[in-house]
Structures are given as structure tokens and as C-alpha cells.
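I opened this notebook to keep track of what I looked up, entry by entry. The structure comes below, and my notes follow it.

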Amino acid sequence: MPEVKEADDLPPLPIDRYKLGKRATKEFDTARNRLAQRCMVGLGFTDFPLDPKPPKSYGSSGAPGAPGASLLTLRRSETPLGPLDLDQAKRWGYGWAPAKAPLGVAGPKGRAMTDKEYAALYGRSGDAPKGGCAGQGDRQLLKGVADATHMWAYPSRRQERLEKAVAKDRRMRKAFATWSDCVVDKGFKRYRNPEAARQDKAWGTGRDGNTTHTQREVGTAVADIECKRKHNTLGVWWSVTAERQRADIDRNKAVYEAVRRDLDTVRANVRSTADG
């Protein structure tokens, strides 16, 4: 069982091998943007940015229907059981510095598209290829993939299903009970698990997803992290999760291997785009 006191102490999980991964996902997104940009230049949009913002006419909420457009409304967590950064918790509780975006969320860096560019990018213009330049780029990156929907969705669906079983596991219930007792002993409310503490409505989450950083919130977040570290709650979670994931992979090996082959194809397509 790993000793987990910081987010970086969490080893990879077995199912991670059947996902694209953070680095490869970033490379995929860059390749997708690069292909779309080449296509847009070919249509006459010679200064089209690599990473464009939505058109100004759509406002700050992003362009409806555009892949990747989103509101910053969800608080991201650094681990599956919430934060482990004690210094951050002591300042901002379960939230973040007001001037910063939430963990893992960053907007486009390029200029805003014009409405005409947006129409060409997403296939709402007669001059654009099917699905627009974005759709054409996707087809290039997924060329040779047997089942793209299955490739993207299957590992996550299996992981979600297994997470429910992990939460019911006797070892995990015991670990959560120990963590909960520890938080109460520090003078704070009893929660059934760390996620319930992080999502407490008392923290007054605003439209941007940030919390109000009250003294009670900060104290709870600090106690949460100190108790997770003291009792190695994340280490227990990782061990139980890894055990169940390995068993699931063994039971469904052919399906997982099909996903892995398709991911290898995507990675090769991404490399060829970079080389070109």
C-alpha cells in the first residue's frame, strides 16, 4: 500500500493504461488545433489563431455547440478524495485564490474568432468541409481507429462503475469512518467521506465555482487533509481501487486491449501530425 501524503505520491492505476493520459491528451489537443488552423488558412483565414477564443458575440459563456466550450462552474480536485495541499487549504479552504482559475482549467490563449471564422471551423459555412475544419481535423486524428466512441468512453464507464464498488468495500468504509472520527476530533462536522466535506453547501460556492473561504471552511479543509495524511486514506483508496481494476481488466481483457490498440493508433496519428 502506498503512503500518500501529497498528490504526486499516488501511483498510476491499472485502468490509466487504457486512457490517453494528460500529456498525450495535451498533444492530441495541440494536433487538433494545428490541423484546424491549417484548414482555416486554406479557406482564406490566413491569420487564424492556433487556440482561438469563442466569438465575442457569444459572450463570456463560450460558443454554443463548440467542442470544449464551457463555464468555469466545477471545482476540480487534485485527488479522487479531494485536496492534499495543506498550504493551499490554510489560505483558501476548498477554493482557490480569486485571481486564479480552478485546478486544471485554462481558457484559450488566442484571439477571439469572428462569426465567419466560427461558422467555418464548426461546419456552419458552405465553403467548409463536412463538420468544419474542426471535424476534418478529428477525422484525421481518428483515422484507423476501430471504435472511437468505445475508445473514449469504455475505460471511464468501467472506472465509474468500479468506484461505486470501492465505496462499498469494507476496507474503504473503515477508512472513511476513521477519517470522519479524526475530523470530528478536531472540532468539525461529521462527514461520511472527504468528498462530502468538499461539497458542503455551507462553503457558498459562487457562479465561478469558487468558495467563500470562511474560517469554518478553511478549518474543515485543513482537518480533512491532516486526517487523510495521518491515516493514509488515499493509500487505502488506491489499494482497493487498483485491486478491483486489475480484476475487471482480467475479466474483460479483449475489450480493454481493443481500446489500447485504438489509443496506439491515435498516438501515431498525433505524431505524424507533429512531423508534418
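Predicted model: local features only at pLDDT ≥ 70, side-chain atom pairs only at ≥ 80, totals over all residues.

Next I looked up aromatic pairs, taking rings of Phe, Tyr and Trp (its six-membered ring) as paired if their centres lie within 6.5 Å, with planes under 30 degrees apart called stacked, over 60 edge-to-face and the rest tilted. The count comes to five aromatic pairs. Y154 and Y256 form one that is edge-to-face, at 5.1 Å centre to centre and 70 degrees between the planes. This pair links distant parts of the chain, since Y154 sits in helix α5 (residues 148-168) and Y256 in helix α10 (residues 253-275), 102 residues apart. I found that Y18, Y154 and Y256 form one aromatic cluster.

For the overall layout I counted ten helices and zero strands, which are DSSP runs numbered from the N terminus (helices H or I, at least four residues; strands E, at least two). Of the 276 residues, 43% count as buried.

I then turned to the nonpolar cores, each a set of buried Ala, Val, Leu, Ile, Met, Phe, Trp, Tyr and Cys residues joined through side-chain atoms within 4.5 Å. The largest has 32 residues, and L10, M172, W179, Y191, L234, W237 and W238 touch the most other members. The elements that give two or more residues to this core are α2 (86-92), α6 (170-185), α7 (194-198), α8 (215-231) and α9 (233-251). Apart from it lies another core, of 18 residues, among them A24, F28, M151 and Y154.

Last, I looked at α5 and α6, whose axes come within 5 Å and cross at roughly 65 degrees; axes are lines fitted to C-alpha atoms, for helices over the stretch in contact, and angles run from 0 to 180 degrees between N-to-C directions. V166, A167 and K168 of α5 and R170, M172 and R173 of α6 make the contact, which means heavy atoms within 4.5 Å.

Technical notes:
Residues numbered from 1 in each chain as written. Heavy atoms only, no water. Buried < 20%, exposed > 50% of the residue type's maximum accessible area, 1.4 Å probe, protein only.
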